[in-house]
Amino acid sequence: MVALSIDGQTVEAEEGKSLLQAALDADIYIPHICSHENLDPVGACRLCVVEIEGREGACTSCTTPVQEGMVVTTRSEKLKQMRRLSTELMLSGHPSDCTGCPKFGACELQSLIQYLEVTDQRLRKRVNIVPSDTSNPLVMHDMGRCILCGRCVRACGELRGVGALTFIKKDGRTRIGVRDGLSLAEADCRFCGSCIEVCPTGSIRDQEGLLDPNMNRKAAIVPCRSTCPAGIDIPRYVRLVREGKPSEALAVIREKVPFPAALGRICDHLCESACRRSELSDSISIRALKRYAAEHGDESWKAASRQLPPTGKKVAVVGSGPAGLTAAYYLAKQGHAVTVLEALPEAGGMMRVGIPGYRLPVEVLNAEIDEIRKVGVEIRTSSKVASADQLLAEGYDAALVTVGAHKGIKLPTPGSDQAGILVNAEFLRLAALGTPQPVGERVVVMGGGNVAFDCAGVARRLGAKEVHVICLEARDRMLASPEEIVEALEEGTRIHPSVNINEILGKDGRVSGVRCVSIRSFSFDANGQAILDVVPDSECVIEADTIIMAVGQRPDLTEDFGLPLGRGNRVTVDEITLATPKPGIFAAGDVVTGTKSVIAAIAAGRSAAASIDRFLGGNGQIEEVLAPLSEPNPVLGTEASFAAAPRCDCPEGYDDEKAHQESSRCLQCDLRLRITEQKFWSAYSHR
């Protein structure tokens, strides 16, 4: 450490530290704008000038190392005039009215203008003739706001090792641009956003509409992670896969979910829809990378897994679907004795009886349920619970209801009272339990969601030779995931979007087909009745031996269960705690929200576990760190044709090479959050 004097104040600083940083650490503000904590200092802006006793003239504090006994003055009339002149030169090419600055966060230039009491009136304004460049994906460049501080160029080169940005001289003027006149993609930009993050004025910023205004800054910058209902740290495990560390990647996933292998096959991957990579080519195959980690990782995550001592408290969980088993898992790890009560003969809920085995093999599900048993969770199958009150009477200190939405909806379509009409939930459940309903050779499935396509796939595997899926939604509005639709088409299923079934036809009391019409659009009135814009003369008949209605599901509960039921037969709970009006009884998952997704149910199970733990006297802290924490390498380097790199899809699962190839496409958006945010001092308290 060395001691020096700054404006009469004795300051201690580490040897080798810059004078600017030493002053800022001591809460002594020196104006600066080209300097940045993550970048090598260059002193280009000339705002951080100071006077040092014994030295002639002013020197830039960002490039001057501290020395023992140094006496520094940061404020004088001479320094004030130098800073004002430098700022005015910057403002000469900057918009006068910058109040609508689009920078995400505070504008450093505006803070400096206020602090230095500078205007742009003394110097003649240069006319900016460089139009904004919006041609590059993810990044827009507004040269009218650029002050040539060079931070973006240095970040691109120093921080990331890419060097796509540089200073360009054209028509006698200097500006920032892409090297060799290329586009960012042609210059092998990694689209990491570091240039955006360090820009002090918003000259380089995210493309309009790219960041969700409803999210906070950190969530918007890393949308894959913030969109995941369970909050899995997606960039972290994708990076570990790229580094050849599948076991550590699996540990990261298991920090948030106890079903990594199942999710690696059937998650609805909202994260991929939010992936910023899709603006360049295709989104990262995040779900497939999760499957790779689950299949190639070992059990090293268990070494850091937490198991608290017994609390003496007993919890009943009604239902063994993803919400119930997740909550049971974390409650058991908190030290509570947990019993799961399942009405069906097998555990797993909709993962077992709602998702076909060709999508989620039973051995994969069984292995993950076994891990939940290993932390002490008791699972009792064929144990239907008649009422919520019964649970507390049996001595449980708390109960969680997670019975899902296992009752299919049968539409009152004319002709729906005939034989040969099946309902989605029961059809899939019986097939999964080994007692399938016969379907004949020709099947029509009503509905356009994932469950409808699961019904179509199961029907085909039960022997149907002709399968039709009919739905009101247009092809680009269908609720099923794109891969399920593609898979169905590859299997020969015929899809009829924008079609309504007016009548179910029959013969001798059994269905024989459906009468349909094409529609341009549809909406619903206040009573939930569909209003259709029918295409004239579009009626047609599709023959069928069986109709499967797959238009929704609801909880199979009545008021006899003892809990208040709301719209759609769903249990009413407190939105934050998931507590029902009955003390000690909570509810979570599809029984509360209606049919959603496995990952949403898992997230609900985590929330329920935390709430119940607090109810039982715990702190509700179920978070774990199962993978070693380490700083990622900030240097990305160049990679030829990075922007155009295509998505690698392998339905059978990735091997090491394919996993590395796909994970290497990640933009690593989270690295942007590791760039230090500049701190601003009050313009009034530091004059």
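Q: Which residues have the most contacts inside the largest nonpolar core?
A: They are L165, F191, I232, I234, Y237 and F259, in a core of 120 residues. A nonpolar core is a set of buried Ala, Val, Leu, Ile, Met, Phe, Trp, Tyr and Cys residues joined through side-chain atoms within 4.5 Å. Buried means under 20% relative accessible area, exposed over 50% and partly exposed in between (1.4 Å probe, protein chains only).

Q: Which helix gives the largest share of this core?
A: Helix α21, residues 598–615, with eight residues. Helices (H or I, at least four residues) and strands (E, at least two) are DSSP runs, numbered from the N terminus.

Q: What lies apart from that core?
A: Another core, of 35 residues, with L4, I6, A13 and I28 among them.

Q: What kind of model is this?
A: It is a predicted model, where local features need pLDDT of at least 70, side-chain atom pairs count only at pLDDT 80 or more, and totals for chains, interfaces and linings use all residues. Residues are numbered from 1 along each chain as its sequence is written, and side-chain values use heavy atoms, with hydrogens and water left out.

Q: Back to I232, what does that residue touch?
A: Leaving out residues up to four places away in sequence, I232 touches R225, Y237, I253, K256, V257, K290 and I599. Contact means heavy atoms within 4.5 Å.

Q: I253 and K290, which helices are those in?
A: I253 is in α9 and K290 is in α12. The two helices meet through P246, S247, A249, L250 and I253 on the α9 side, and through K290, Y292, A293, A294 and H296 on the α12 side. By class, that contact has seven nonpolar, two polar and one charged residues. Here Ala, Val, Leu, Ile, Met, Phe, Trp, Tyr, Cys and Pro count as nonpolar, Asp, Glu, Lys and Arg as charged, and the others, Gly among them, as polar.

Q: At what angle do α9 and α12 pack?
A: About 115°, with their axes 8 Å apart; α9 covers residues 246–254 and α12 covers residues 286–296. That makes α9 roughly perpendicular to α12. Angles under 35 degrees count as roughly parallel, over 145 as roughly antiparallel, 65 to 115 as roughly perpendicular and the rest as oblique. Axes are lines fitted to C-alpha atoms, for helices over the stretch in contact, and angles run from 0 to 180 degrees between N-to-C directions.

Q: Left-handed or right-handed crossing, for α9 and α12?
A: Left-handed. A crossing is left-handed if the near helix is turned anticlockwise from the far one by less than a right angle, and right-handed if clockwise.

Q: And how do α13 and α21 pack?
A: Helix α13, residues 322–333, packs on α21 at about 40°, and their axes are 7 Å apart. This crossing is right-handed.

Q: Which residues meet there?
A: From α13 come P322, A323, T326, A327, Y330 and L331. From α21 come V598, A601, I602, G605, R606, A609, I612 and D613. They divide into ten nonpolar, two polar and two charged.

Q: New topic: where is C59?
A: C59 is in strand β4, residues 58–60.

Q: Buried or exposed?
A: Buried, because the relative accessible area of C59 is 17%. Not counting residues up to four places away in sequence, C59 touches C48, V49, V50, I52 and T64.

Q: How far apart are C59 and C471?
A: They are 73 Å apart in space, C-alpha to C-alpha, and 412 residues apart in sequence.

Q: What about S664, where is that?
A: S664 is in the segment after α22, which is 656–663. S664 is buried, with a relative accessible area of 12%. Residues up to four places away in sequence aside, S664 touches R190, R242, E639 and F642.
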